[in-house]
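Q: Could you walk me through how to read a few features of a model, one at a time? Please start with strand pairing.

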Amino acid sequence: MNWKFWNKNKTNTPAKKKTKTREWVDAILFAVIAATLIRTFFIEAYTIPTPSMERSLLVGDFLFVSKLNYGPRTPMTPIAFPFAHHTMPLINTKAYWDGLELNYHRLPGFSDIKKGDVVVFNYPMEADSPYYRPVDKRENYIKRCQGTPGDTLSLVNAQVYVNGKAAPNPPGEQTDYTISSTGMDLNPQILQELHVSNYEGATSPTMTTEAADALRKYSNVKSVTANIQPKGGGEFGVFPYDPRYPTDHKFKWNVDNYGPIIIPKKGWTVKLDSLTLPIYRRAITVYEHNTLQQVGNDILINGKKADSYTFKMNYYWMMGDNRHDSLDSRYWGFVPEDHIVGKALFIWMSWDDEAPFFSKIRWSRLFRGIH
């Protein structure tokens, strides 16, 4: 055999080595893709921006949120800038292209959402606001799940009841109190040690039941009374507020005495009448994308006369542990399953903006699990 002929088309030219620039570009591209996949399907960082979960979670807590526990959502707005949620930093423009929106799908997870879980979800009231965003680009909220699909929930004197039984109260739950003293001022240091909060614009201090019990023991304190709104005293703006159904018409509910209300479950059929329609109208129309009209005494869904409706999704009832300083389901109703982001797992960092420089890190909260 003529080996020279056989090898005549082969070359011994070594492979061209990548330039440093090309190596850096490849490394950055790999890192971006890997980080995007991790944030989308596994775990994501989240910051507590408001006091609605105090004192369970504090402003400045940095959390890791698991997408795996409840199953990760597949991207609904797939064309987006990496690491930005809905707005580009500095230039303040949209960080996504809404020309392509995909239907909601969720991969299998480790468990269902349980009552008591601290859950991150997309703010549902953006669904029909002037500042509309796709579901997965709506503002992130964090609250505690108090009711799951099919539950009957109510509040009686600020105590949550689910299916007729009192729900466990979170250890960090707090509310507003009125403090009556003998005339002597309270020592500010005592209030600070008990973590009593005085939020800007609030007329009453906010604290846990443990802090209230401790205050009652001081000789210059006559009483410490929780500010509980009485039953039947309707509050404007509480769900299911609707201009067509004023709160004093049927639903004399407030943030402390509320319900009972049934949380929709996938496959559950509700009878539609003057009492149920205001409660479930938003879920039927905004979240499940049906048209609903009232023509005289008739209810038309997608142009057809209907006296009932069967839900296509599961819904949840979310509330903040800071009961009088939380914008939650008592004001805007149910959270649809397609808005669920994930489960809060643990605090990896906690930063107190109001503390002196060398005391800004709350060391005792680092790597603390969320219960």
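A: Strands of a sheet pair through backbone hydrogen bonds, parallel or antiparallel. Here four strands make an open sheet, ordered β7-β6-β5-β11, with antiparallel pairing. Its edge strands are β7 (165–166) and β11 (258–262), each pairing on one side only. Two strands pair if DSSP finds at least two bridges between them. Strands (E, at least two residues) and helices (H or I, at least four) are DSSP runs, numbered from the N terminus. This is a predicted model: local features need pLDDT of at least 70, side-chain atom pairs count only at pLDDT 80 or more, and totals for chains, interfaces and linings use all residues. Residues are numbered from 1 along each chain as its sequence is written, and side-chain values use heavy atoms, with hydrogens and water left out.

Q: How many bridges join β5 to β6?

A: Four bridges join β5 (residues 152–156) to β6 (residues 159–162), and the two strands run antiparallel. Take Val156: its bridge partner in β6 is Gln159.

Q: How do I read salt bridges, and how many are there?

A: Side chains of opposite charge can pair when their charged atoms come close. The rule asks for a side-chain nitrogen of Lys or Arg within 4 Å of a carboxyl oxygen of Asp or Glu. The count is 16 salt bridges. One of them joins Lys343 to Asp117, with the closest N and O atoms 4.0 Å apart. That pair links distant parts of the chain: Lys343 sits in strand β19 (residues 340–350), Asp117 in the loop between β2 (61–66) and β3 (118–122), 226 residues apart.

Q: Is Asp117 buried or exposed?

A: Buried means under 20% relative accessible area, exposed over 50%, and partly exposed in between (1.4 Å probe, protein chains only). Asp117 has 11%, so it counts as buried. Lys343 has 21% and is partly exposed.

Q: What about Glu126 and Arg133?

A: Their side chains meet in a salt bridge at 3.0 Å, N to O. Glu126 is buried at 8%. Arg133 is buried at 18%.

Q: Which residues are linked in a network of salt bridges?

A: Asp61, Asp352, Arg362 and Arg365. Within it, Asp352 bridges Arg362, the closest N and O atoms being 3.8 Å apart. Asp352 is partly exposed at 22%, while Arg362 is buried at 15%.

Q: How are aromatic pairs described?

A: By the distance of the ring centres and the angle of the planes. Rings of Phe, Tyr and Trp (its six-membered ring) pair if their centres lie within 6.5 Å; planes under 30 degrees apart are stacked, over 60 edge-to-face, the rest tilted. The structure holds 22 such pairs. Tyr123 and Tyr141 are stacked, 4.4 Å centre to centre with 5 degrees between the planes. Tyr123 lies in the loop between β3 and β4 (140–147) and Tyr141 in strand β4, so the pair ties together parts 18 residues apart in sequence. Tyr123 is buried, at 16% relative accessible area. Phe239 and Phe334 are edge-to-face: 5.7 Å centre to centre, 75 degrees between the planes. Both Phe239 and Phe334 are buried.

Q: Which cluster holds Phe239 and Phe334?

A: Ring pairs link them into a cluster whose members include Trp253, Tyr258, Trp268 and Tyr280.

Q: What lines the second largest cavity?

A: Glu44, Ala45, Tyr46, Val65, Lys67, Val120, Asn140 and Val341. Strand β1 (residues 43–47) gives the most to this lining, with three residues.

Conventions:
On a 1 Å grid over the protein atoms alone, a cavity is a set of points where a 1.4 Å probe fits but cannot get out, and a pocket is an open set with protein on both sides within 12 Å along at least five of seven lines; lining residues have an atom within 4 Å of a point.
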